[in-house]
Amino acid sequence: MSLKVYVAGQLVAKEDAKVSVYDHGLLYGDGVFEGIRVYSGKIFLLAEHVERLYESALAIRLTIPMTQSEMAKALNDTVKANNIVDGYVRLVVTRGSGTLGLDIRRTSDPQVIIIADSISLYPTEDYEKGLSIITASTIRNHPGALSPRIKSLNYLNNILAKIEGTDAGCKETLMLNHKGDVAECTGDNIFIVKKGVLKTPSRDSGILDGITRNCVIKLAKEAGYPVEEITLQRHDIFVADECFLTGSAAELIPVVKLDGRPIGAGVPGPVTADLLRRFQEFVRK
Ligand code: PMP
């Protein structure tokens, strides 16, 4: 059975799911999106994702043509129509089609697109052995130019950094911010563990306010780990005991090397393993 995609208010066969070539989402990357997990048939942290989507839209002055509860229903309907038990949902809202110019007043019909599909995960081996990453020379978007807190359809900043990583044989890539401090990876937030304390770049480090990040912070605090949201430098990663990344797709994945230098013992650490176990327990609750 072909996948059903939600577009223009309807669930249609994947082959028939289309938007205009004049859509500013395509012409200018003018739009916002979310990537969400489904565990045991339930959309994980649905309210948090819907809220972030509407905040991203507000930040780019895009009015989503449905309420948050209508959006939640459309998401649930799409997951059900595709019998997704464990999978991934891509929710996209474009500016809609318009003229060949930037003026948003000359666009109409923002498109809400929901794709519910399976997910390709990092292989198990990466969770057991940990990732090696490098630092990109491409810095994360300056918050004064385009806030990294907006999950916009323009991901070129991250894509350019990701290319540097893939060229070097790495599956993720660290990005620094305009001050030279640690921001995040191209599609994941970053944490380190130092003397039993969890540390992660604060929201004002120029990062996406990751939903997995916030979930892991909450679980870590409940487990009794002190958590600091602070300014981190690459130095802090080099001298850390452990390092891991968080994201909807990756969940929580260890990092064992940065720029060729082993982090801690050079193998996934016990705090990372404990938090991954707690996270996996939590998502299946
Ligand atoms: N940072 C960036 C740049 C991202 O694109 C993502 C999501 N893919 C994340 C962090 C992780 O965010 P979340 O936990 O909400 O998926």
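Domain bounds here come from an automatic or database domain assignment.

The model is predicted, so local features need pLDDT of at least 70 and side-chain atom pairs count only at pLDDT 80 or more, while totals for chains, interfaces and linings use all residues. Residues are numbered from 1 along each chain as its sequence is written, and side-chain values use heavy atoms, with hydrogens and water left out.

**The pockets**

Rolling a probe the size of a water molecule over the atoms shows where empty space is left. On a 1 Å grid over the protein atoms alone, a pocket is an open set of points where a 1.4 Å probe fits, with protein on both sides within 12 Å along at least five of seven lines; lining residues have an atom within 4 Å of a point. A volume is the space filled by probe spheres set on the points, which are joined across faces, edges and corners.

The largest pocket holds about 790 Å³ of space. Its lining has 34 residues, and Tyr88, Arg90, Lys151, Gly187 and Ala249 are the closest to its centre. Elements giving two or more residues to this lining include β3 (31-39) and β15 (242-247); helices (H or I, at least four residues) and strands (E, at least two) are DSSP runs, numbered from the N terminus. Where does the largest pocket lie? It lies between domain 1 (4-117) and domain 2 (124-283), because both give residues to its lining.

The second largest pocket holds about 350 Å³. Among its 16 lining residues, Glu48, Arg52, Asp209, Ile211 and Asn214 are the closest to the centre. Two elements, α2 and α6, each give two or more residues to this lining, and α2 gives the most, with 6 residues. Domain 1 (4-117) and domain 2 (124-283) each supply at least three residues.

The table sorts the lining residues: Ala, Val, Leu, Ile, Met, Phe, Trp, Tyr, Cys and Pro count as nonpolar, Asp, Glu, Lys and Arg as charged, and the others, Gly among them, as polar.

| Pocket | Lining residues by kind |
|---|---|
| Largest pocket | 12 nonpolar residues, 13 polar residues, 9 charged residues |
| Second largest pocket | 6 nonpolar residues, 3 polar residues, 7 charged residues |

**Tyr22**

Tyr22 sits in the loop between β2 (10-13) and α1 (24-28). Is Tyr22 buried, exposed or partly exposed? Tyr22 is partly exposed, with a relative accessible area of 44%, given that buried means under 20%, exposed over 50%, and partly exposed in between (1.4 Å probe, protein chains only). Not counting residues up to four places away in sequence, Tyr22 touches Leu27, Gly96, Ser97, Gly98 and Leu100, where contact means heavy atoms within 4.5 Å.
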